[in-house]
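Good morning, colleagues. I would ask you to look at the sequence and the structure together while I speak.

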Amino acid sequence: MERGINVYSCPESEELEAKMRRNGAEEIPAWSEQLTLRGLVASFLVGGIYSVIVMKLNLTTGLVPTLNVSAALMGYVLIRSWTEILEKAGVMTAPFTRQENTVVQTCAVACYGIAVGGGFGSYLLGLNKKTYEQAGVDTEGNSPGSYKEPGIGWMTTFLFIVSFVGLLALVPLRKMMIIDCKLTYPSGTATAVLINGFHAPPTTTHKGDDMARNQVRGFTKYFTLSFVWGIFQWLYSGGENCGFSYFPTFGLNAWNHTFFFDFSMTYVGAGMICSHIVNLSLIIGALVSWGLMWPLLRNLKGEWYPADLEENSMKSLQGYQVFIAIALILGDGLYNMVKILFFTTRTMLLTANSPRSITTRETLKDQLFITQTIPIWLAISGYFIFSMLSVVAIPIMFPEVRWYYVVIAYVLAPLLSFCNAYGAGLTDMNMAYNYGKLSLFILAAWAGNDNGGVVAGLVGCGLVKSVVSISADLMHDFKTAHLTLTSPRSMLISQAVGTAMGCIIAPLVFFLFYTAFDVGDPDGPFKAPYALIYRNMAILGIQGFSALPQHCLGLCFAFFALAIATNLTRDVILSPTYGRWVPLPMVMAVPFLVGGSFAIDMCVGSLVVLAWHKIYGNENAALMVPAVASGLICGDGLWTLPSSVLALAKINPPMCMKFKST
């Protein structure tokens with residue numbers, strides 16, 4: 001295959017290519033050559049596998065770690081294995097370049113990103129009848145009939161309508177954010193470093209090949225172990241509360257308070273990827289809630305709430321659990337939104353007034369990024385067309401959502417997208433859910449109880465959140481493209497293709513779980529806690545504090561203030577050395593509903609990373625931990641697919657391993 005020819009559609013292309021050769025850079029494939037059939041197939045496979053994994057995470061705890069680096073590794077493994085098999089068979093193949101690897105990673109992430117942010121565990125699932133009943137059919141604000149059962153048809157249509165708007169919102173600002181402001185986008189940068197390491201030129205060093213080979217071995221080994229362990233666990237789970245996932249690690253009393261290690265390789269792997277402070281925050285949240293608060297509130301049964309109510313009633317213990325978690329989430333979200341907006345504004349002003357030095361290599365990367373233009377008229381007209389489709393289609397699908405709600409959402413979305421994408425470039429924090437929650441409160445209160453405020457709030461949350469989140473994700477991908485010398489055109493196309501894949505795959509994967517398992521059962525593994533949280537946020541937006549159980553308002557204010565005070569302590573009072581040990585309130589809120597077992601799994605992941613650093617050294621750990629964690633997550637996650645099929649076929653595990661006191 002010819003490479004380095006007709007790379008750019010501009011007069012400067014030949015001169016720029018010559019400059020890059022003189023500076024020792026490899027030849028760059030044309031943007032159309034970066035999009036390959038094998039790359040699309042690999043993207044489909046990686047995106048499908050990770051859609052299953054993140055859907056499981058969404059419907060169990062709602063906590064999904066960043067898997068961009070893992071997806072890049074998985075894409076590399078698939079295509080490199082494919083090319084090596086063909087080469088051994090004597091079939092010539094096109095070289096596997098860093099640009100193709102980047103495109104595969106982008107397409108795959110866009111695909112499973114729909115499963116992450118499509119609302120299957122939050123605002124869309126919050127519309128179903130089970131969540132409506134859990135919120136209390138007699139609850140003021142939870143109006144009768146304000147639910148819509150999941151359906152593949154309407155969910156797929158909804159995702160196609162709202163997802164493509166976000167792809168076009170910030171395309172005209174890519175140069176400003178990547179080149180002019182030099183935003184770091186840590187996740188995008190980390191992915192680029194990994195891909196560049198895989199494809200290091202052999203004429204200069206073999207380190208890249210050695211690194212990739214070791215990572216592939218580690219991934220394959222732990223993928224196999226995790227998959228086999230999933231099969232082994234399943235054999236002993238043939239009954240209620242049976243199997244290794246119910247092993248009373250710390251005794252039956254601790255097990256009753258959800259403190260046990262449930263042998264989930266998915267969460268051990270996730271704990272290896274997440275930072276220590278995330279895992280520390282989870283275990284602190286579990287101790288505060290299930291270790292202290294819920295036992296105390298159970299003792300107040302008959303005083304603070306009626307003794308004849310079940311604990312899963314919103315007027316009973318679950319009401320405290322849900323609304324205190326909401327208070328923590330809102331307090332942390334509000335603080336970080338204000339902080340990032342302030343930080344963003346200050347940084348923009350400083351950047352505009354301070355000159356920066358530019359190296360030759362940076363200049364060449366910048367020129368490469370700029371010359372591959374994406375027409376502004378295409379982005380603006382596309383945004384307008386998809387917005388108009390939403391204005392027409394959304395009120396038809398959800399009569400409670402007025403057309404002017406959609407218009408206002410899409411008028412404000414580009415501004416919110418810019419704020420979120422700029423903040424993500426500085427901090428790596430995607431605050432899309434907070435912007436979505438803000439729109440949820442506003443639309444629910446605006447529509448009111450008589451006009452379907454709950455449905456309007458949940459759907460409006462999805463509209464804003466989708467645009468804001470996808471825009472930030474695209475900027476992460478543009479940063480990766482900038483550092484790997486990949487064409488922005490191929491990146492935008494691969495993002496669009498991956499989004500289309502995700503809009504089809506994600507609803508199918510969701511329905512696999514929804515049909516095979518009891519999704520939304522507060523006592524089962526698939527609790528889907530954020531569905532109930534989001535619905536109660538909408539109810540709170542309509543009726544205010546009248547929806548809260550007795551004395552719950554005071555506790556909510558206390559935890560809201562605690563979230564802000566905790567953040568102030570980290571950012572203002574303590575130095576960075578000690579501030580990094582202050583827990584994250586939003587993360588602390590997750591165990592309030594789902595229990596502490598998965599937090600223990602995540603902490604085991606942190607201990608594994610710590611031990612690896614101590615035994616094998618920092619360099620080896622930095623190289624192998626992401627690969628091993630990815631193998632654990634993918635192996636356990638992939639077993640979910642056949643286990644779901646077995647459940648649908650009514651094939652039960654042959655044995656039950658259960659523990660009880662003597």
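A residue is called buried when its relative accessible area is under 20%, exposed when that area is over 50%, and partly exposed in between. Please keep in mind that this is a predicted model.

I begin with the cysteines. By the distance rule, the count comes to 1 disulfide. The partners are C242 and C656, whose sulfur atoms are 1.9 Å apart. C242 belongs to the loop between α9 and α10, while C656 belongs to the segment after α26, so the bond ties together parts that are 414 residues apart in sequence. The torsion about the S-S bond is about -60 degrees, so this disulfide is left-handed. How do the two partners stand in accessibility? C242 has a relative accessibility of 3% and therefore counts as buried. C656, at 41%, counts as partly exposed.

C107 itself is buried, at 1% relative accessibility.

I turn now to charged pairs. Side chains of opposite charge can pair when their charged atoms come close. A search of the whole structure finds 4 salt bridges, and I shall present some of them.

K56 pairs with D636, with the closest N and O atoms 3.3 Å apart. Since K56 lies in helix α2 and D636 in helix α26, this pair ties together parts that are 580 residues apart in sequence. Both ends are covered: K56 is buried at 16% relative accessibility, and D636 is buried at 5%.

In the salt bridge of D518 with K130, the closest N and O atoms are 2.3 Å apart. D518 sits in the loop between α19 and α20, and K130 in helix α5, so that distant parts of the chain, 388 residues apart, are linked. D518 is partly exposed at 44%, and K130 is partly exposed at 28%.

D571 and K339 form a further salt bridge, their closest N and O atoms being 3.3 Å apart. Here helix α21, which holds D571, is tied to helix α13, which holds K339, and the parts joined are 232 residues apart in sequence. D571 is partly exposed, with a relative accessible area of 33%, and K339 is partly exposed at 32%.

Next, the surface. Which residues form the nonpolar patch? They are W403, Y404, I408, V411, L412 and W446, and together they have about 620 Å² of accessible area. Helix α16, residues 403–427, gives the most to this patch, with 5 residues. W446 lies in helix α17 and counts as partly exposed, at 43% relative accessibility.

Helix α16 also holds P414, which is partly exposed with a relative accessible area of 26%. Leaving aside residues up to four places away in sequence, P414 touches L170 and Y383.

Finally, helix α6. At 1.5 Å a residue, its 18 residues, 152–169, should span 26 Å, and the end C-alpha atoms are 27 Å apart, which agrees. Is this helix mostly covered or mostly open? Helix α6 is mostly covered, with 14 of its 18 residues buried.

Technical notes:
Residues are numbered from 1 along each chain as its sequence is written. This is a predicted model: local features need pLDDT of at least 70, side-chain atom pairs count only at pLDDT 80 or more; totals for chains, interfaces and linings use all residues. Side-chain values use heavy atoms; hydrogens and water are left out. Helices (H or I, at least four residues) and strands (E, at least two) are DSSP runs, numbered from the N terminus. The expected span of a helix is 1.5 Å times one less than its number of residues. Buried means under 20% relative accessible area, exposed over 50%, partly exposed in between (1.4 Å probe, protein chains only). Patches are made of residues with over 30% relative accessible area and no salt bridge: like charges are joined within 9 Å, nonpolar side chains (Val, Leu, Ile, Met, Phe, Trp, Tyr) within 5 Å. Accessible areas come from the Shrake-Rupley method with a 1.4 Å probe; for residues, only the protein chains shown count as cover. A salt bridge is a side-chain nitrogen of Lys or Arg within 4 Å of a carboxyl oxygen of Asp or Glu. A disulfide is a pair of cysteine sulfur atoms within 2.5 Å. Contact means heavy atoms within 4.5 Å.
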